[in-house]
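Please take a look at the protein shown here.

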Amino acid sequence: MSMVATRIARAVSRFALAAPTLIAAAAAPIGARAEYPERQITMIVCFPAGGGSDIAARLISTQLGEALGKPVIIENRGGAGGNIGIAAAARAGGDGYTLLVCSSAYVVNPSLYAQPTYDPFKDFVPVMVIGASPNVFVVPAQSEIKSLPELIAKAKANPGKLNWTSPGAGTTPYLAGELLKLRTGISMQHIPFPGAGPATTAVLAGQVDAYVANLGSVIALIDAGKVRPIAVTAEKRWGELPDVPTLDELGVKDAVSDTFQAVYAPAGTPPAVVDRVAKELDIILARPDVKEKYVKAGLPVVAEGPEAFRKRIAHEVPMYKEIIDKAGLKIQ
């Protein structure tokens with residue numbers, strides 16, 4: 001065999017050996033990436049450490065990191081009723097490495113603030129409602145009012161003379177109280193306090209006629225007989241308060257509300273990533289030990305996935321807008 005022929009034969013042989021690798025490389029998708037996640041994930045909490053959103057996030061962050069194989073770190077970005085953290089998460093972009101944990105403030109703030117920092121329908125993708133607790137109407141233990149119908153009747157007979165309080169203007173308990181007024185046509189004076197602590201003190205002292213609070217914050221007082229529950233804002237009666245009727249049962253329609261905590265992903269996050277995170281969260285939230293921790297935190301597990309969560313947002317944003325507009329409540 002000539003030298004030229006020998007070289008040709010060797011080249012053909014080398015090509016034959018390399019062909020399978022070349023073919024596989026050519027068949028691989030352009031821009032294919034390693035399996036998600038490749039690095040740590042940041043979970044932005046839009047309220048300071050120690051609050052409901054922070055507690056809800058920390059109860060799942062470690063387990064989510066273990067399930068995904070990469071750390072999930074918490075970054076608290078509080079301020080402006082949650083708006084600062086929400087805006088920061090939106091700006092982070094949808095690369096799958098930033099998640100947001102926020103309360104019901106997410107569906108309230110776009111109508112509550114004169115200059116919203118985000119669009120609740122366009123800037124985020126719903127991932128999972130991780131826990132929710134209804135609001136509850138209570139009266140002082142020594143009050144002559146024994147039921148919500150009695151409160152409504154007394155308010156109608158004395159327009160503007162009865163008073164009530166809440167953890168603060170703009171909170172879901174406050175909006176639940178405004179929604180009751182809107183649905184029943186009663187007039188009651190809201191007494192503002194700087195937070196749930198002073199408001200609770202006022203109702204214990206009998207300084208207000210009624211108090212609307214998140215159930216988790218007053219369940220111990222109810223159990224101790226220090227306040228009397230007269231209605232819950234849930235769709236059905238709450239397990240721990242089987243004798244307390246819902247607003248719907250009492251004829252107050254379309255007034256279901258609660259305080260929820262949820263996980264969101266910035267717009268543009270790949271659907272496969274959203275589905276993966278939602279799947280892992282669903283598994284985590286089904287664990288008995290996790291459920292127990294959420295109950296102790298006053299936030300029973302809900303585990304509403306992306307589709308149910310999307311419907312919740314579509315319902316609650318306009319519902320709270322109606323309440324806020326008619327109550328004339330706006331933060332500049």
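This is a predicted model: local features need pLDDT of at least 70, side-chain atom pairs count only at pLDDT 80 or more; totals for chains, interfaces and linings use all residues.

Residues are numbered from 1 along each chain as its sequence is written, and side-chain values use heavy atoms, with hydrogens and water left out.

**Overall**

- The protein has eleven helices and ten strands. These are DSSP runs numbered from the N terminus: helices are H or I with at least four residues, strands are E with at least two.
- Of its 332 residues, 48% are buried (under 20% relative accessible area; exposed is over 50%, partly exposed in between; 1.4 Å probe, protein chains only).
- Take the contacts (heavy atoms within 4.5 Å) between residues at least 6 apart in sequence: 79% of them join residues at least 24 apart.

**Pockets**

- Pockets and cavities are found on a 1 Å grid over the protein atoms alone. A pocket is an open set of points with protein on both sides within 12 Å along at least five of seven lines; in a cavity, a 1.4 Å probe fits but cannot get out; lining residues have an atom within 4 Å of a point.
- Grid points are joined across faces, edges and corners, and a volume is the space filled by probe spheres set on the points.
- The largest pocket has a volume of about 670 Å³. It is lined by 31 residues, with Ser-103, Thr-171, Thr-172, Pro-173 and Thr-259 closest to its centre.
- Helix H4 (105-112) is one of the elements that supply at least two residues of this lining. H4 gives the largest share, four residues.
- The lining of the largest pocket holds 14 nonpolar, 17 polar and no charged residues. Ala, Val, Leu, Ile, Met, Phe, Trp, Tyr, Cys and Pro count as nonpolar, Asp, Glu, Lys and Arg as charged, and the others, Gly among them, as polar.
- The second largest pocket has a volume of about 470 Å³. Among its 22 lining residues, Glu-235, Val-256, Asp-258, Glu-304 and Arg-312 lie nearest its centre.
- Helix H11 gives the most to the lining of the second largest pocket, four residues. That lining divides into ten nonpolar, four polar and eight charged residues.

**Cavity and Lys-181**

- The structure holds one cavity of 30 Å³ or more. The largest cavity has a volume of about 60 Å³.
- Its lining includes Phe-137, Trp-164, Lys-181 and Val-212.
- Helix H6 gives the most to this lining, three residues.
- The lining of the largest cavity has eight nonpolar residues, one polar and one charged.
- Lys-181 is found in H6. Lys-181 is buried, at 18% relative accessible area.
- Beyond its neighbours within four places in sequence, Lys-181 is in contact with Trp-164, Ile-186 and Met-188.

**Strand S7**

- Five of the five residues of S7 are buried. Ala-210, Val-212 and Asn-214 point one way, Tyr-211 and Ala-213 the other.
- S4 and S7 pair (at least two DSSP bridges between the strands) in the antiparallel sense over four bridges. Phe-137 stands opposite Val-212.
- S5 and S7 run parallel, joined by two bridges. Thr-165 stands opposite Tyr-211.
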